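Hi,

Here is the structure I promised to pass on to you. Have a look at it first, and then read on for what turned up in it.

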Amino acid sequence: MTFDLAAARARLEASRSRSAFTSFMGTRLRQVGEGVVEIEIDLKAPLTQQHGTAHGAVIGYLADTASAWAAATVAGDVVTAEYKLNLLAPAHGPLLWARAEVIRSGRSQLIVRADVFSGGSVPGQDQLVGACLATIVPFRRNSRSTQEKPSE
Amino acid sequence: MSQTAASQPTPAQPTSPAEMLAYANSVIAIQTFSTLVGAQFTSITATEAVLHVPLRGDLRQHHGFAHGGLIATMADIGLTFMGAMALGPNVLTSEYKINFLRPGTGNELVARSSVISSSRRQAVTRCDIFAVKGGEEKLVATALGTIVKSEAEPVKGAEMLRGENP
């Protein structure tokens, strides 16, 4: 099976517009490849913490989303099972971006590595602010729950 | 917490890559646990380290694969030594996370570690563990860890633990 880049990008764009939280965060897709994704957001004031830098949860959001989307390019619909994140430096923005890469793709799980960067003000001066290692699992709709009718 | 490079007898400050490698392996030599599993560095620099363990029969689990505890041990050693390269010799592992990707088969395991980021007190390091079979390396696990500078004194009787008579 060959990798269809256009189809993968179309799938991600479609899932991005369907996901309320992804839209809320203003997530943009900047690069897609087989098992590789880059996404970015603008660091708006509501996403900062008491020191004016990005809230840790925002770095987690970028790592999680980039990891899941990288896995989705090879495995279709997926969900995150777990991830571990090291916060490395304060993220000042104005741009935050993440690059995720599938390092092992199995039938039941995909292991994805993601790095999160802060920058956008000086080209080539982006700083690594987060390092993440995630387990993503293919999403298989539970046949029972789809067949079950509401009881009332 | 695992204590790795804490308060070792310090030979002359290593200057060349060969001296650094000899120094790292001299620390391994006094860590009885690292010696027990047969761990040896084949190279170590400020940014990268390569650790080898021959996959003996007594290091395997019931399916004949490398035991997960062995793979985690290699990750811990690699992560911590890279932390020591960034922070100085007196360090401890604060935490690490490991993903097992494939069963470890073959005749040798190789751990390749690197420093991702370091500040005054802590370093974040990464370690990939490969199984070597017929000269070919396959990624079997990957780990991400936090190494911190230690202010702890070595425990009393550490000489005894190292098999020396105080």
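B:T93 sits in strand 3 of chain B. Please keep in mind as you read that this model is predicted. Is B:T93 buried or exposed? With a relative accessibility of 5%, B:T93 counts as buried, because the cut-off for buried is anything under 20%. Its side chain has two polar partners to look for: B:D76, at 2.8 Å, and B:T80, also at 2.8 Å.

Which residues does B:S150 touch, once its neighbours within four places in sequence are set aside? They are B:N90, B:V91 and B:L92.

Now for the place where the two chains meet. On one side there are 18 residues of chain B, in contact with 16 residues of chain A. The area buried between the two chains is about 1300 Å², and carbon and sulfur atoms give 52% of that. Three residues, B:K97, B:R126 and B:L144, supply 35% of the area that chain B buries against chain A, more than any other three residues.

The charged and polar pairs are worth a look too. There are four salt bridges between chain B and chain A. In one pairing, the side chains of B:E95 and A:K84 meet in a salt bridge with N to O at 2.7 Å. Polar contacts across the interface come to ten residue pairs. On the chain B side, strand 3 (91-100), strand 4 (108-118), strand 5 (122-133) and strand 6 (136-149) each supply at least two of the residues that touch chain A. Strand 6 gives the most, with six residues. Sorted by class, this side of chain B has eight nonpolar, five polar and five charged residues.

Next, chain A by itself. Chain A has four helices and six strands, and from the N terminus on its elements run α-α-β-β-α-β-β-β-β-α. Of its 152 residues, 43% count as buried. Among the contacts in chain A between residues at least 6 apart in sequence, 63% join residues at least 24 apart.

How many salt bridges does the structure hold over all chains? The count is 13. A:R30 forms one with A:E40, where the closest N and O atoms are 2.9 Å apart. A:R30 is partly exposed at 33% relative accessibility, whereas A:E40 is buried at 14%.

The side chains of A:E38 and A:R99 also meet in a salt bridge (2.9 Å, N to O). A:E38 is in strand 2 and A:R99 in strand 4 (residues 95-105) of chain A, so this pair ties together parts that are 61 residues apart in sequence. Both pairs belong to a network of salt bridges that links A:R28, A:R30, A:E38, A:E40, A:D42 and A:R99.

Chain B has a salt bridge of its own to show you: B:E137 and B:R112, at 2.7 Å from N to O. B:E137 is in strand 6 and B:R112 in strand 4, 25 residues apart.

Finally, the cysteines. The structure holds zero disulfides over all chains. A:C132 is buried at 1% relative accessibility, and B:C127 is buried at 0%.

Enjoy exploring!

Methods: Residues are numbered from 1 along each chain as its sequence is written. Chains are lettered from A and ligands numbered from 1 in the order in which they are written. This is a predicted model: local features need pLDDT of at least 70, side-chain atom pairs count only at pLDDT 80 or more; totals for chains, interfaces and linings use all residues. Side-chain values use heavy atoms; hydrogens and water are left out. Contact means heavy atoms within 4.5 Å. Buried area is the accessible area (1.4 Å probe) that two parts lose on being put together, summed over both. A polar contact is a pair of N or O atoms within 3.5 Å; within protein, one must be able to donate a hydrogen and the other to accept it, and residues adjacent in sequence count only if both atoms are side-chain atoms. Ala, Val, Leu, Ile, Met, Phe, Trp, Tyr, Cys and Pro count as nonpolar, Asp, Glu, Lys and Arg as charged, and the others, Gly among them, as polar. Buried means under 20% relative accessible area, exposed over 50%, partly exposed in between (1.4 Å probe, protein chains only). A disulfide is a pair of cysteine sulfur atoms within 2.5 Å.
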